[in-house]
Structures are given as C-alpha cells and as structure tokens.
Amino acid sequence: MSSKKNRQDLKPCLVVADKDGNIYDEPELDMVVRRGTQWGTPRPDELTPLPDESELFLLPGRRAVGLDPETGETVEHEAMAVAAFAAPAYTLSAHPAYEKEDDAPMLPLFAYGAVGFAEGRFWICARKVDEDKRQQFRHISARRIDDNVRHLLKTYPENRLVGHILNDCVRRYDCPAARNFALGRFEAPLPTSRTCNARCIGCISEQEADSPIAVTPQCRLTFVPTPEEVAEVMRIHAARELKTPVYSFGQGCEGDPLMNPDLLCAATQIFRAEGGRGTVNCNSNASQPEAVERLAKAGLTSLRVSLNSAREEVYTRYYRPHGYHFADVKESICVARRNGIFVSLNLLFFPGVTDTEEELACLARLVGECGVSMIQWRNLNIDPDYYMSLLDGIETGPSMGLKTFMKRLRKLCPWLRYGYFNPYLGDKAELTAPQPSEWQMPAPDEAVDWTEAADAEPAGEEPAEEAPQQAEDR
C-alpha cells in the first residue's frame, strides 16, 4: 500500500473499457484528468485508493484519453472511457478526460470521478472529508434491514410516511438515509413536500417534460403527511437511536420542505413538547427567510443550504429559482444564524468551476458575512459536459485544486467545520461562526502567504491513512 510520501511518485495508468463492458488498464498510457475545461495529470496529493462501496461507470460515446509518457502528448484511445462514483464521505477533485462522439448520450445524474490503475489497484482523484461511517453498509446484511422494515411496517401500518420511507425509499431506491431509519441509527429522513420553487438542472426526483435528462433516480413524494405522522417518525427514531439522533426534513424524494412551513413547525413543536431530544435539521434551498425564522422558534437545530456556487449567476443557471432570488438565500442564512441555528452549506463541488479564485472570494464572503458554520463537500451529480454548457460565457479561471481551495477558505474563515454529513449537535448547537455583519474579508496586506498555506495542513483536516475497518455494529 502506498504511503502519502511515495504517492508523490505514483503515476496511475489509463483505465478503459471494451465494447462488452470489460474494464482493463492500459499500461502504455498515463491517466489524464479534467477540471472544468482544463486537462492535466493528477496532482499527487489528490490520489486516493478507490474506497470500498464505490462503483465504476462506463461512459458510452466517450473515448478514453491518456498521456504518452514518451512524447508528452495526449492520445485518444479506441476504447470507452471509465469513471468512478466515489463512496459517501469522499469529494471528487477531477473528472475523467475523454473525447466525446457526436451521438454520445447524456450521462445519468451521478458524479463522475477520474480513475486510474497502479500497484495492483484503482486510484481516484478525491479527498476524504468525513470520518463518519453512517452510510457504510458492507458489514450489515440485507436480511437484517429487511427484517427491520417488515417489523416497522407491521407495527405502524397507518402511518403513510413510515410506509413511504420503508417501501419506496428502502425497498425501491435503496436510499442510505432510509436504510438508517430502518436500522434505527444516525439520521432519520423526514420527507414532507411535494412541491419546489427551484427547477434544478440536476434534480433527482423531478424533471421538466423538455429536459434532456430522461431518467431521475427517484420519484417525487405523492402525498403530504400530517404533523402527527411526521412526529411519530421522529419518536420512532428517538426510541431506537439513543446516542446521536438527527431528524432531517428535505430529502431527495421531495421538493423543498420550506414550501410547507406550517407542517414543519407543527411537527417539530409536537416532538419538542413531548420532550423530544436530538438535532432537528432542515435540508433546503433556503429561499424563505420568514419560514426559517418560524422553524427556528419551533425548535430547529440546524439548516443545511444547498448551492452549487456562491456566485449568483452560476447559482441561477443551475437552480433556476422561481419566485425567489439568491439574495433571499443569503438572508435566510443570516436569519438562521441570528436565531442560533447551525448553518451548513451543502456545496455541490464541481472541479474546475468551484475551486477557482473568483469562487473562493465569493464563498468566503458568503460564509463570513452570513455566519455559516460548516461546509459539506458534496459532489455535483451531473454530466460534466452538460454542466459546462450551462455555464457558457461565465469566466471560471484556472483550478487551484480541492485541497488548496479548502485550506485557503479555512484560512479566511478559521471557524469553519468541514465534513460530508449533517452533524449531531444535540438539541441546540454551540456556535462559533460570527453573527451577520461582524466579519470582514481580510485586506490583501493581511492575507496569508498562499504558497506557505498550501504546504501547511489545518489541524484535523488530513484524514488518516486508509486501513481495514472493523465491522459496524450499529
């Protein structure tokens, strides 16, 4: 196994697939990666062994591209390109390089990571950003999950939300959050809304009739649960997850939960009035400041705000908001922070677009001026070519790389917490993020030496070396 020291010399070779779907390495060609419109070789500090529970994808209509080490020239291979879908807790830092054929189909809504082969194993360009094991299931049998599903369905036959989470989300979609509810551990999903006021290009539950994305991974919730049904799901989870219970409005199978604030407030008030403990979280586009304030007063602990960019034009082209503006999102974050809510950004990271100078400046201002406590470094699930076409005409600039971007952002906003999942915060979070308007962007003469910063690792950021893990008994 390569250590971090000798990974400086690691040069994975190209991975390709034949027409029958057989994946193999091409030893004569080195791996080439893509960050936005840039092609290059992997940075040594971004290579990590392909994590367990990851997948390899074939990219039809796309010919793999490698680097001839003898000539230093890129070479288009006759075989199909291959990508990696990384396991949860890993953020991709580069896409695979390929030449697209004229009749290439649109890729489904997944994240496509660059993958190579060396020392008898696959390597990807990614960074582990969270040590939490909540979406690891390799040591948990499918039978155990199914037994729990059948028991809960038999025990709560009248609760439609229990039925949806278990029948649709577990059995039909194999949703990690729903499986955790069945197991009585970590974070329970609370889908509540059928509607949304954004028309996200990469929405996984509903696409417009003329969308080029033909298939969504999930279907939208078909009913609106009652406050009592939602509160009962929260009670079920609280009785089984006694250590770190998290309850989350806003799931992939619904619209935006803040479209129905009355329901959210009522369910939260019922749960809290009964002595319900734990972290009540809302995953949202945060377009409704008034709803955020109401929910905070009802007992909300944390708010996770999804965005692909801190730049309004980039945000708008992807989210296509209907009846709200990016300014409303920022105001919702400020309202949440003023009311003692722990705010995370669900940052949909896209190599070569997110990790740029202009994005860094805008993101730091959003984090500092609005009082954000955490960044959850998620992958933007979309065909890379399609996303770049959406941003046509917008300057992105050169990629600095995920690792450097994370370090520089934390230098500007040192209170920031990094991760991948919604954290357990107890009933009420202790906040270190500044109140809105308390922070100012450091002046250029106060800024750090970025060359030095790129070599220094912030405390607690570098994940431990990959090692065999013990069975998860939760």
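This is a short walk through one predicted model, from its confidence to a few local features.

I'll start with confidence. The average pLDDT of the chain is 92, and 92% of the residues reach at least 70. There is a stretch to treat separately: over residues 445-472, pLDDT stays under 50. For that stretch the model has 53 contacts beyond four places in sequence.

Which strands form it, and in what order? Three strands make an open sheet, ordered β4-β3-β9, with antiparallel pairing. Its edges are β4, at 38-40, and β9, at 95-96, each of which pairs on one side only. Strand β3 covers residues 33-35, and its antiparallel pairing with β4 runs over three bridges. If you want a place to look, find R34, which stands opposite W39 in β4.

Now the aromatic residues. The structure holds 15 aromatic pairs. One of them is F117 with F122, an edge-to-face pair with 5.2 Å from centre to centre and 75° between the planes. F117 has 22% relative accessibility, so it counts as partly exposed. F122, at 26%, also counts as partly exposed.

A second pair is F349 with W377. Their ring centres are 6.3 Å apart and their planes stand at 65°, so this pair is edge-to-face too. F349 belongs to strand β17, residues 342-349, and W377 to strand β18, residues 374-379; the pair therefore ties together parts that are 28 residues apart in sequence. Are these two residues buried or exposed? Both F349 and W377 are buried.

There is also an aromatic cluster. Its members are Y315, Y318, Y319, F326, F350 and Y387.

Two arginines lie over ring faces. R121 is over the face of W123, 5.5 Å from the ring centre. R179 is over the face of F137, and there the distance to the ring centre is 4.1 Å.

On to the backbone. Most residues other than glycine have a negative phi. Which residues depart from that here? A89 is one of them: it is not a glycine, yet its phi is positive, about 90°. You will find A89 in the loop between β7, at 73-85, and β8, at 90-92. Its relative accessible area is 3%, so A89 is buried, the cut-off being under 20%.

A286 is another non-glycine residue with a positive phi, in this case about 60°. A286 sits in the loop between β15, at 279-284, and α6, at 289-298. With a relative accessible area of 0%, A286 is buried.

Last, helix α2, residues 160-172. How far apart are its end C-alpha atoms? The helix has 13 residues, but those atoms are only 16 Å apart. A straight helix would reach 18 Å at 1.5 Å a residue, and α2 falls short of that.

What do they pack against?

Definitions and conventions:
Residues are numbered from 1 along each chain as its sequence is written. This is a predicted model: local features need pLDDT of at least 70, side-chain atom pairs count only at pLDDT 80 or more; totals for chains, interfaces and linings use all residues. Side-chain values use heavy atoms; hydrogens and water are left out. pLDDT is the predictor's confidence in each residue, from 0 to 100. Contact means heavy atoms within 4.5 Å. Two strands pair if DSSP finds at least two bridges between them. Helices (H or I, at least four residues) and strands (E, at least two) are DSSP runs, numbered from the N terminus. Rings of Phe, Tyr and Trp (its six-membered ring) pair if their centres lie within 6.5 Å; planes under 30 degrees apart count as stacked, over 60 as edge-to-face and the rest as tilted. Buried means under 20% relative accessible area, exposed over 50%, partly exposed in between (1.4 Å probe, protein chains only). A charge sits over a ring if NZ of Lys or CZ of Arg is within 6 Å of the ring centre and within 35 degrees of the ring normal. The expected span of a helix is 1.5 Å times one less than its number of residues.
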